[in-house]
Amino acid sequence: MAANYEYEEASGHYDDQAAALRQQEVGYDPNFVPDSVKSFVVHLYRHIREKNVYEIHQMYETSFQTLSERLFKDTPWPSVDAVAHYVDNDHVFCLLYREMWFRHLYARLSPTLKQRIDSWDNYCSLFQVVLHGVVNMQLPNQWLWDMVDEFVYQFQSFCQYRAKMKNKTEQEIALLRQFDQAWNVYGVLNFLQALVEKSAIIQILEQEKQGLEQFTATDGYDYSGGSNVLKVLGYFSMIGLLRVHCLLGDYHTGLKCLQPIDISQQGVYTSVIGSHIATIYHYGFASLMLRRYVDGIREFNKILLYIYKTKQYHQKSPQYEQILKKNEQMYALLAICLSFCPQMKLVDEAVNAQLREKYGEKMGKLQRYDDEGYGDKLSRRQRYADEAFGIYDELFSYACPKFITPSAPSFDEPLVNYNQDAYRLQLKLFLSEVRQQELLVGARTFLKVYSTISLGKLANYLDVDESTLRMTLMTYKHKTHAVDSDGKIISNADVDFYIDDDMIRVVNSKPVKRYGDFFLRQIVKLEGVINDVDRIKVESAN
Amino acid sequence: MYSILTPLVDCYPKGLNPQHSGRCFFLSCSLQGSPRSVPPVRYIGKVLRRNRIRPKMGMEKEPQKPQQVSYTVEQLVAVNPYNPDILPDLENYVNEQVASQTYSLDANLCLLRLYQFEPERLSTQIVARILVKVWLACLNWPTLLFNVFQLCFEQMEQPFKTLIVLSHYLETGGFRQFWDEAAKSRHIVEAVPGFEQAIQAYAVHVLSLTYQKVPRSVLAEAINIEGLALDKFLEQQVVNYGWVLEMGQGGGQIIALPKTEFNHPELKKNSGDAVPLDHITRIFPILS
């Protein structure tokens, strides 16, 4: 499971030599296999061969973590060569073991460059086996998701590592030059794409809608003797592609890759909490950057409510910290979306309460225009605008993914660290959007209060001339009428208006009471209660 | 003891895996023989191409059939987008789009992505053309702006700087500033035919969102047409799009724009109380 997303990693972390030294110091002997590890591998191997998915899941989720905690807190697991003869030297099992080995390494220690390259090699072999052999295993969805997730995480980590050229030794640079195919962006994308295509998962999902296939109903597992590995890896690779494209800053393509999955419904992506959160986080972030604020708000609201209700069940899981971290980040993104597009009715009460608790003050400052305070009006407004700008910067930097520069560095030029470049660029793009929206805060404040106002008068209040005001109003209309994924124009404005020559008429929209939904909910609830009551009668009769 | 799966012997060619002896219970047929050391990119490219229609690479050889050529480029993008070899085809396609005043979002995005992966192959001229093209076609669509701007933001040279400034004006409704700036940089905008009409269409769109009735002067400024040419333009719009010309209070001409739900809120369909069908399906089991 991906370890940490801190933006400012301590520079010592990526020092190759120090990492290798640490591993040696702690007395790590790759060939020593404790008895508990031996029985772990033997049992895991047997369960995989017998396709006991439940037992595999228990061992993978619980036993592996327990053993890691107890025996391998800061050393790697025994090397694959040492355990191979306990499992009949089975090639595929060894690939799976190595995958877990590397994941443990990334989580607890810091990998050397050679280890990163070896991990890439391992993934290549593993994916090639899945793509070109006909695999006979059934693995738990959690494991398959972790594979894809870790693959993308290691790619991201490698790009970050490679971009810190300043302290690289000659040896490291030579290795990088030699193994330029390792974690190459083409390779990563092509593997994910190949998994999607070979598994024909898009066609499967299409056919499922027409009732010709069973995939979601069985959670991706195959009950007719086949294997779920390729199909489910293909499915999760779509989410992997979304993630990679977000890291590259190409949000449109990312959302396109996710299109076959219908996120308004339950699906295989909700079967693993990690994948559910990753999907919605990246979908929401991409929507935010594409100015589709309503989509973002809706999805963030759903997932935050879900986490709020279910997080207590995941307290023991090794991913708990990750879940909490993503939860906080999504609240920050929701705060940004709501500031651009104040549609509070889309947000559930529980989520709203949490949001106000975490970011209530900051959100208030973002919408502040002309409160009473010291200084003259114009300088006050400027101060508020600058403050808001700073808050947007802070929220974005906290919540954004760790963007990467996909191209390899030129090894001949002087060595600099450029790992922050991609992030700075995305931040710049985001803040330019913020600047354009700044003008709207003032307009919104006044339009909420008036039902009709002449252009001249409003221009006076805002201390601008009429033509600037016209510009501002057109900007408001343009920004609030986004083009959604179907190409239609929809308005997400909370306050709407139209201009009649030189009078602005604000639209009076009363919130419509939704009776239909309310009745439906109550009908279903009553039915449930009646069923319960019926059952009681039957029991007491016996 | 374990008789559930019949073991498979020797599923790999000898060169694949020297460490492990090649026995494997989890595969039921052999691999197609892929040495592990081959870089995956080219390998997967081969696999994909083997199973797909082989794309025609010789665009220059068939100048008389432009339809067929652009079809195959689209196919390339759909089937094998992460492949550095298709870059020249995509570049040619951009030039073709400019000449024929068509536009393809996916192909252009793909090209920009390849430039991002290999910045040394970036052609400033091509990117400038894409930027103008894309921007014209997607004025309501900020998606592509990000991709293109990513490449351009870091380069502060012309023409990118001008294009970024122009785009900023359009995004904030500053049409007068836009036309002034565009006049200073004629060589950039004239590189792409159809530029003026596209911007004018965008201007009219934004005005229609905002105004029910717009003064003549505001319209003239937005679309950069004055005097007799403006009269002619207005006549056309009256005939084709239902615009109405009236006399305003100050004596100037007022143009009433066509009614849409955006500038006439009473036209907005009140969907507040409509219940979608899939919500009702929840109670079908109860009703039956």
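Modeller: Start with H13(A) and helix H14 (residues 293–310) of chain A, which pack at an angle of about 155° with their axes 8 Å apart. Keep in mind that this is a predicted model.

Colleague: Which residues of H13(A) and H14(A) meet?

Modeller: An α-helix has 3.6 residues a turn, so residues three or four places apart point the same way. Now look at the contact. From H13(A) come Ile273(A), His276(A), Ile277(A), Ile280(A), Tyr281(A), Tyr283(A), Gly284(A), Phe285(A), Ser287(A) and Leu288(A). They meet Tyr293(A), Asp295(A), Gly296(A), Glu299(A), Phe300(A), Ile303(A), Tyr306(A) and Ile307(A) in H14(A). By class, the contact of H13(A) with H14(A) has 12 nonpolar, 4 polar and 2 charged residues.

Colleague: What can I say about H13(A) on its own, and how many of its residues are buried?

Modeller: Check the span, then the cover. H13(A) covers residues 273–289, 17 residues in all. It reaches 24 Å from its first C-alpha to its last, close to the 24 Å expected at 1.5 Å a residue. As for cover, 17 of its 17 residues are buried. After the helix comes Arg291(A), whose phi is positive, near 65°.

Colleague: What is the setting in chain A as a whole?

Modeller: Chain A has 21 helices and 5 strands. Of its 542 residues, 58% are buried. For chain A contacts between residues at least 6 apart in sequence, 75% join residues at least 24 apart.

Colleague: Now single residues. Is His104(A) buried or exposed?

Modeller: Buried means under 20% relative accessible area. His104(A) has 4%, so it is buried. Its place is in helix H5 (residues 91–108) of chain A. Leave aside neighbours within four places in sequence. His104(A) is then in contact with Phe64(A), Ser68(A), Phe72(A), Thr75(A), Pro76(A), Trp77(A) and Leu109(A).

Colleague: And a loop residue: where is Asn136(A) found?

Modeller: Asn136(A) sits in the loop between helix H6 (113–132) and helix H7 (141–163) of chain A. With a relative accessible area of 17%, Asn136(A) is buried. Asn136(A) and Gly225(A) are 89 residues apart in sequence and 8.6 Å apart in space, C-alpha to C-alpha.

Colleague: Let me try chain B. At what angle do H3(B) and H4(B) pack?

Modeller: Helix H3 (residues 87–100) and helix H4 (residues 105–117) of chain B pack at about 135°, with their axes 10 Å apart. That makes H3(B) oblique to H4(B). The crossing of H3(B) and H4(B) is left-handed.

Colleague: Which residues meet there?

Modeller: H3(B) brings Leu87(B), Leu90(B), Glu91(B), Tyr93(B), Val94(B) and Gln97(B). H4(B) brings Ala107(B), Asn108(B), Cys110(B), Leu111(B), Leu114(B) and Tyr115(B). By class, the contact of H3(B) with H4(B) has 9 nonpolar, 2 polar and 1 charged residues.

Colleague: Take Leu90(B) from that list. Which residues is Leu90(B) in contact with?

Modeller: Leaving aside neighbours within four places in sequence, Leu90(B) is in contact with Val73(B), Val77(B), Ala107(B), Cys110(B), Leu111(B) and Leu114(B). The C-alpha atoms of Leu90(B) and Val77(B) are separated by 8.8 Å, at 13 residues apart along the chain. Leu90(B) is buried, with a relative accessible area of 1%.

Technical notes: Residues are numbered from 1 along each chain as its sequence is written. Chains are lettered from A and ligands numbered from 1 in the order in which they are written. This is a predicted model: local features need pLDDT of at least 70, side-chain atom pairs count only at pLDDT 80 or more; totals for chains, interfaces and linings use all residues. Side-chain values use heavy atoms; hydrogens and water are left out. Helices (H or I, at least four residues) and strands (E, at least two) are DSSP runs, numbered from the N terminus. The expected span of a helix is 1.5 Å times one less than its number of residues. Buried means under 20% relative accessible area, exposed over 50%, partly exposed in between (1.4 Å probe, protein chains only). Axes are lines fitted to C-alpha atoms, for helices over the stretch in contact, and angles run from 0 to 180 degrees between N-to-C directions. Angles under 35 degrees count as roughly parallel, over 145 as roughly antiparallel, 65 to 115 as roughly perpendicular and the rest as oblique. A crossing is left-handed if the near helix is turned anticlockwise from the far one by less than a right angle, and right-handed if clockwise. Contact means heavy atoms within 4.5 Å. Ala, Val, Leu, Ile, Met, Phe, Trp, Tyr, Cys and Pro count as nonpolar, Asp, Glu, Lys and Arg as charged, and the others, Gly among them, as polar.
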